[in-house]
Each structure stands twice: as structure tokens, then as C-alpha cells.
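My notes follow, in the order I looked things up.

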Amino acid sequence: MHERFPKRYVRDMQNPIDSYSDKEFKNRFRFVNIFFIECLMPLIFNEIEAVTTMRGLPVPQLIKLLAVLRFYGTGNIQLVSGDLVRISQPSISFVGVDGTVDCTHIPIQSPGGDQAENFRNKKGIFSINVQIVSGPKCEILDIVARWPGSVHDSRIFSNSNVNMMYEQKQLPGCLLSDGGYPQLQYLFTPIRNPQTIAEERYNKAHIATRNTVERLNDILKRSSS
């Protein structure tokens with residue numbers, strides 16, 4: 001019988017501490033190397049769990065910490081953070097996703113009056129445009145059902161309480177949405193015209209995660225028909 005050895009993973013991951021000069025490191029992560037190594041790392045390093053990607057490759061705590069510092073220090077979207085330390089955007093961001101947001105049109109009869117045409121959507125049907133935030137198990141986390149069918153999804157979100165809560169940092173995570181919404185620090189949309197394999201993988205993971213709200217909309221429409 002042949003002896004079985006544990007599977008070994010090899011990750012070609014650049015170490016920013018060794019790769020950047022003191023000035024380059026500070027420009028990217030807002031700390032000088034020596035402070036990061038001697039003060040910050042011992043303080044919180046053991047509190048960070050290693051992240052495992054969809055391929056089963058562990059992302060070291062050092063890389064995860066530097067990616068977070070890069071994001072907080074610059075305000076750039078997390079895709080930039082991933083590129084700087086050679087890990088994909090889904091490995092950084094999808095762990096903190098609170099839910100997915102989308103709108104669906106509920107048909108209604110013409111309400112009549114001067115405002116009736118506001119309820120006619122782009123398909124020519126009278127409707128209410130309902131915004132739903134779905135959790136990972138298709139649970140309804142938030143719902144807004146007061147906007148006429150002609151109102152765009154992004155306008156409904158920008159005027160919603162859930163958007164205000166993220167703006168005011170009352171909620172710590174982020175949401176996923178389709179390309180009809182703006183890209184924000186707490187609202188992530190697909191990458192338009194992906195140019196790299198990493199961007200294509202990001203879009204694929206984004207679509208798979210966002211599928212929960214689309215399935216929830218289908219469930220609601222089937223139950224009401």
C-alpha cells in the first residue's frame with residue numbers, strides 16, 4: 001500500500017513587505033514598514049483568520065490584513081486591493097456580503113387620474129416597482145413597495161432607508177446588485193467589459209451570489225399568481 005501524503009498547495013504570492021520600499025509601502029498602506037511589523041501585526045494578527053478561496057487555496061493573514069489596510073487607506077474599490085496583493089476580488093469582498101438587492105415590477109390596474117402614467121413601466125404595463133434586499137437563503141431583509149413603475153431601480157435605492165444606513169455606516173458589510181445600480185463602497189456591481197481572467201471570475205462569482213434575489217422575486221411572483 002502506498003503511503004498517502006497530504007495535499008500541498010503552492011501559492012505564488014508576492015509579499016508586499018519585501019517588495020516595496022518604505023516610501024512605496026507607506027503610500028499604499030498608510031503605515032511605515034517598521035510600525036506595521038512591530039506594532040500593528042502583533043496587536044491584531046492572531047485575530048485574523050486565513051481566508052480560503054473557492055479553489056481551496058488559503059490566503060495568509062498577512063495578505064488579508066494588508067488588503068484591508070489598502071482599501072481603508074485609499075477608498076478604492078476592492079478589486080484594486082486584490083490586485084495589489086495578488087488575490088482575487090471575491091476572496092476579499094464576498095465574505096462580507098450582507099445580501100443582494102434588486103427591483104421587480106408588480107402589475108396593477110391603472111390608478112387613473114393625472115399621475116396614472118407614472119405607473120406605466122418601460123414595457124407599457126402599469127406596475128409598482130418593488131425593491132427587495134434578499135439574504136443568502138432567499139429571506140427578505142428589506143422591502144420597499146411604494147414607487148411607480150416608471151421609476152428607475154437606482155433612484156429607488158438612493159432614496160431607501162437601507163441606502164441611508166450604509167451611507168451612515170450603521171451596517172458594516174455590503175450589498176450586491178446588477179449593472180443598473182451605481183458602484184459604491186458598499187454596493188458592488190458586475191465589471192463592465194471584463195478584460196482579465198480575474199475580472200471574468202469576479203463577474204461569475206458575483207452573478208452566482210446575486211442569484212438569491214432573482215430566485216426570491218420568482219418565488220414571490222409564483223405565490224401571488
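I began with burial: of the 225 residues of the protein chain, 38% count as buried (under 20% relative accessible area; exposed is over 50%, partly exposed is in between, with a 1.4 Å probe and protein chains only). This is a predicted model, where local features need pLDDT of at least 70 and side-chain atom pairs count only at pLDDT 80 or more, while totals for chains, interfaces and linings use all residues. Residues are numbered from 1 along each chain as its sequence is written, and side-chain values use heavy atoms, with hydrogens and water left out.

**Overall counts.** I noted an accessible surface of about 14,100 Å² for the protein chain, 53% of it belonging to carbon and sulfur atoms (Shrake-Rupley method, 1.4 Å probe; for residues, only the protein chains shown count as cover). The chain has nine helices and seven strands (DSSP runs numbered from the N terminus: H or I of at least four residues for helices, E of at least two for strands). Among contacts with a separation of 6 or more, 52% are between residues 24 or more positions apart; contact means heavy atoms within 4.5 Å.

**The sheet.** I traced an open sheet of five strands in the order β5-β4-β3-β6-β7, with mixed pairing (two strands pair if DSSP finds at least two bridges between them). Its edge strands are β5 and β7 (187–188), each pairing on one side only. β3 runs antiparallel to β4 (residues 127–134), with eight bridges between them. Asp-102 sits opposite Ile-132 of β4.

**Ser-134.** I stopped at this residue, which is in strand β4. Is Ser-134 buried or exposed? Ser-134 is buried, because its relative accessibility is 0%. Leaving out residues up to four places away in sequence, I found Ser-134 touching Gly-99, Thr-100, Glu-139, Leu-141, Thr-212, Val-213 and Leu-216.

**The cores.** I then looked up the largest nonpolar core, which has 14 residues (a core is a set of buried Ala, Val, Leu, Ile, Met, Phe, Trp, Tyr and Cys residues joined through side-chain atoms within 4.5 Å). Those with the most contacts inside this core include Val-101, Phe-157, Leu-175 and Leu-187. Two or more residues each come from β3 (97–107), β5 (140–148), α7 (153–158) and α8 (161–167). A second, separate core of eleven residues includes Ile-17, Tyr-20, Leu-40 and Leu-66. As a general point, nonpolar side chains tend to be buried together in soluble globular proteins.

I followed Leu-175 further. Beyond its neighbours within four places in sequence, its contacts include Val-101, Val-133, Phe-157, Val-162 and Leu-187.

**A nonpolar surface patch.** I found Val-32, Ile-34 and Phe-35 forming a nonpolar patch, with about 240 Å² of accessible area together. For the patch, residues need over 30% relative accessible area and no salt bridge, with nonpolar side chains (Val, Leu, Ile, Met, Phe, Trp, Tyr) joined within 5 Å and like charges within 9 Å; a salt bridge is a side-chain nitrogen of Lys or Arg within 4 Å of a carboxyl oxygen of Asp or Glu. Val-32 is in the loop between α2 (22–29) and α3 (33–44). I logged Val-32 as partly exposed, because its relative accessible area is 35%.

**Positive phi.** Which phi does Lys-169 have? I read a positive value of about 60°, although Lys-169 is not a glycine. Lys-169 is in the loop between α8 and β6 (174–176), and counts as exposed at 67% relative accessibility. Asn-193, not a glycine either, has a positive phi of about 50°. I placed Asn-193 in the loop between β7 and α9 (197–224), and Asn-193 is exposed, with a relative accessible area of 62%.
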